[in-house]
Amino acid sequence: MAILIDEISRTFGEFLLLPGLTTKEHVPSNVNLRVALSKHKIGEEPRAHLNTPFVSASMQAVSGSDLATALARKGGCAFIFCSQSIEAQAEMVRAVKEHKAGFVESDSNLSPSNTLADALKLRQETGHSTIAITESGQKHSKLLGLLTSKDFWEYKDDLSRPIMEFYTPMERLVYAEEGVTLQQATEKLWKSKKECLPIVDAQGCLQYLVFRKDYFDHHSNPDELTDEGKRLFVGAALNTFDYMERAKALLDVGVDALCFDSSDGHTEWQAQSARTLRNKYGPAVVIGGGNVVTAEGFRYLAEAGDVDFVKVGIGGGSICITREQKGIGRGQATALMEVAKERDRYCKETGIYVPICSDGGLNFDTHIIMALALGADMVMMGKYFAMTEESPTPKITFKGQRYKPYWGEGSNRARNWQRYKQSEKPELVFEEGVDAYVPYSGPLGEKVDVSIAKIKATMCNLGVLTVKEMHQNARITRVSELTIVEGGTSSVQQLDRIQVQS
């Protein structure tokens with residue numbers, strides 16, 4: 001007879017936090033969200049850490065190089081997806097490692113023969129008000145000038161006319177040559193009172209754009225996560241098929257952390273793969289494993305796989321249908337609580353702390369907070385980041401609302417059969433993810449700032465200043481359906497939902 005576990009499988013929405021004593025020191029500016037990314041002996045510093053406990057899911061619709069760059073600037077880490085060629089994945093990692101803060105490659109480029117209508121269409125697609133006008137209409141071509149929203153009126157000018165009649169030519173631009181430092185570039189912007197400074201090479205070809213707003217943006221990101229060489233921190237995913245070749249290519253371009261991407265990590269394949277990597281590259285390389293939902297799964301990967309951190313969660317993602325298709329999974333809160341308890345038990349036995357990452361079931365900022373309170377060191381999110389400007393999918397407009405495509409790695413669209421052991425065939429026999437759309441939410445940085453503000457404010461209510469204190473001191477209560485209703489706005493009318501008569 002099968003073993004029946006009587007405990008109900010619970011989700012984050014079934015709990016509330018109880019406030020603790022908030023002293024005068026418990027203010028958001030004193031809260032420290034730095035957490036370990038790698039295992040470490042108690043009393044010693046981890047080899048790798050995060051300044052913000054956010055990591056992005058290794059999904060095609062989420063973790064590209066632009067998002068990895070933006071997330072590292074906010075203190076977190078993206079895991080570049082592995083359902084692509086080794087060369088393409090390594091190139092994405094390289095792009096993040098070679099990113100120069102403040103030096104932006106132009107994504108909006110046209111030639112002088114393009115029309116104002118072309119410029120308007122490009123502006124609507126990218127959201128960029130500055131368009132580089134180059135000889136070929138491509139970046140890194142000879143720069144001829146810039147076209148901004150100040151150069152034409154879309155409702156007054158004839159949009160069929162060529163850009164050459166409107167753009168500001170090079171002789172009237174303030175620009176700098178390649179090799180200039182960011183400090184020198186921003187100084188030149190300040191003195192010239194310009195918004196944008198093109199950077200060209202000796203042949204006059206466009207290399208970068210430096211924007212005035214990026215200078216202030218750089219100073220507003222004090223939690224930026226970098227490696228020892230001050231390059232942005234980035235992770236990448238592996239499967240258990242070509243992991244040795246993929247890991248070598250990724251490490252060669254400077255990847256900071258590796259993580260196995262699997263719907264079920266409690267397997268001999270993953271433990272053996274992780275151990276092989278560890279034996280090949282030694283203790284320095286950061287290796288993540290998972291996903292698991294039981295104490296046994298955590299213990300197996302920590303011991304047999306020798307991994308640095310373990311991801312927790314099966315079937316809780318917004319586009320995941322593993323539970324529906326296979327009947328496998330567990331409520332995210334219950335899974336996290338059991339694994340956190342086993343992590344603490346393992347730490348007490350060995351003196352080694354193995355961080356855990358809550359992956360899935362995070363639909364609101366309150367769920368992120370609850371995951372951290374229940375024992376997670378960090379949270380991995382897909383939909384949260386897929387909605388942002390920096391995710392690798394294009395924006396679309398439907399009935400006046402902007403959306404971004406979002407699909408699961410278990411969908412036919414992803415073609416990521418390596419992630420799922422469904423049969424002996426090298427293909428996806430049935431789907432474990434769906435293909436959908438999510439509302440566009442704007443720049444990643446603005447979204448993360450709001451979430452972090454909520455986390456810090458809650459921690460102050462709890463009377464804690466670190467995630468570790470949160471694990472130890474948070475008091476949590478179960479809620480009823482009526483408690484949830486009581487906490488909402490069921491008995492009032494919000495003004496934005498009714499027509500106000502003047």
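**Asn109 and its surroundings**

Author: Leaving out residues up to four places away in sequence, Asn109 touches Leu122, Ile131, Ala132, Gly137, Gln138, Lys139 and Leu206. Keep in mind that this is a predicted model.

Reader: What makes these residues contacts of Asn109?

Author: The cut-off is heavy atoms within 4.5 Å. Leu122, Ile131 and Leu206 are among the residues that Asn109 touches on that basis.

Reader: Why is Asn109 called buried?

Author: Its relative accessible area is 13%. Buried means under 20%, so Asn109 qualifies. Asn109 lies in strand S7, residues 109-110.

Reader: Which side chain makes a polar contact with the side chain of Asn109?

Author: That of Ser106, at 2.8 Å. The limit for a pair of N or O atoms is 3.5 Å, and 2.8 Å is within it.

Reader: Where is Lys139 found?

Author: In the loop between S8 and S9. His140 lies in the loop between strand S8 (130-134) and S9 as well.

Reader: Why does Lys139 count as partly exposed?

Author: Its relative accessibility is 35%. Buried stops under 20% and exposed starts over 50%. Lys139 falls in between, so it is partly exposed.

Reader: Which residues does Lys139 touch, not counting those up to four places away in sequence?

Author: Glu105, Ser106 and Asn109. The side chains of Lys139 and Glu105 are also joined by a polar contact of 3.0 Å. Again the limit is 3.5 Å, so the pair passes.

Reader: How far apart are Lys139 and Leu110, in sequence and in space?

Author: They are 29 residues apart in sequence. C-alpha to C-alpha, the distance is 8.8 Å.

Reader: What is phi of Asp306, and is the residue buried or exposed?

Author: Phi of Asp306 is near 55°, again positive in a residue other than glycine. Asp306 has a relative accessible area of 15%. That is under 20%, so Asp306 is buried. It is found in the loop between helix H8 (295-305) and strand S17 (309-312).

Reader: Which residues does a cis peptide bond join?

Author: Gly290 and Asn291, with omega about 10°. Most peptide bonds are trans. Asn291 lies in strand S16, residues 287-292.

Reader: What makes helix H1 mostly covered?

Author: Eight of its nine residues, 65-73, are buried. Leu67, Leu71 and Arg73 are among them. Just after H1, Gly75 takes a positive phi of about 100°.

Reader: Why is helix H11 described as largely enclosed?

Author: Eight of the nine residues of H11 (residues 365-373) are buried, so the rest of the structure largely encloses it. The buried residues include Asp365, His367 and Met370. Just after H11, Gly375 takes a positive phi of about 125°.

**A sheet and a cavity**

Reader: What is the strand order of the open sheet of three strands?

Author: S11-S12-S13, with mixed pairing. Strands S11 (176-177) and S13 (206-211) are the edge strands, as each pairs on one side only.

Reader: How do you know that S11 and S12 pair?

Author: Two bridges join S11 to strand S12 (residues 196-200). At least two are needed, so they pair. The two strands run parallel. Glu177 has Val200 in S12 as its bridge partner.

Reader: What classes of residue line the second largest cavity?

Author: Four nonpolar, three polar and one charged.

Notes
Residues numbered from 1 in each chain as written. Predicted model: local features only at pLDDT ≥ 70, side-chain atom pairs only at ≥ 80, totals over all residues. Heavy atoms only, no water. Nonpolar A, V, L, I, M, F, W, Y, C, P; charged D, E, K, R; others polar. Helix = DSSP H or I, 4+ residues; strand = E, 2+ residues; numbered from the N terminus. Buried < 20%, exposed > 50% of the residue type's maximum accessible area, 1.4 Å probe, protein only. Polar contact = N/O pair within 3.5 Å; in protein donor to acceptor, adjacent residues only side chain to side chain.
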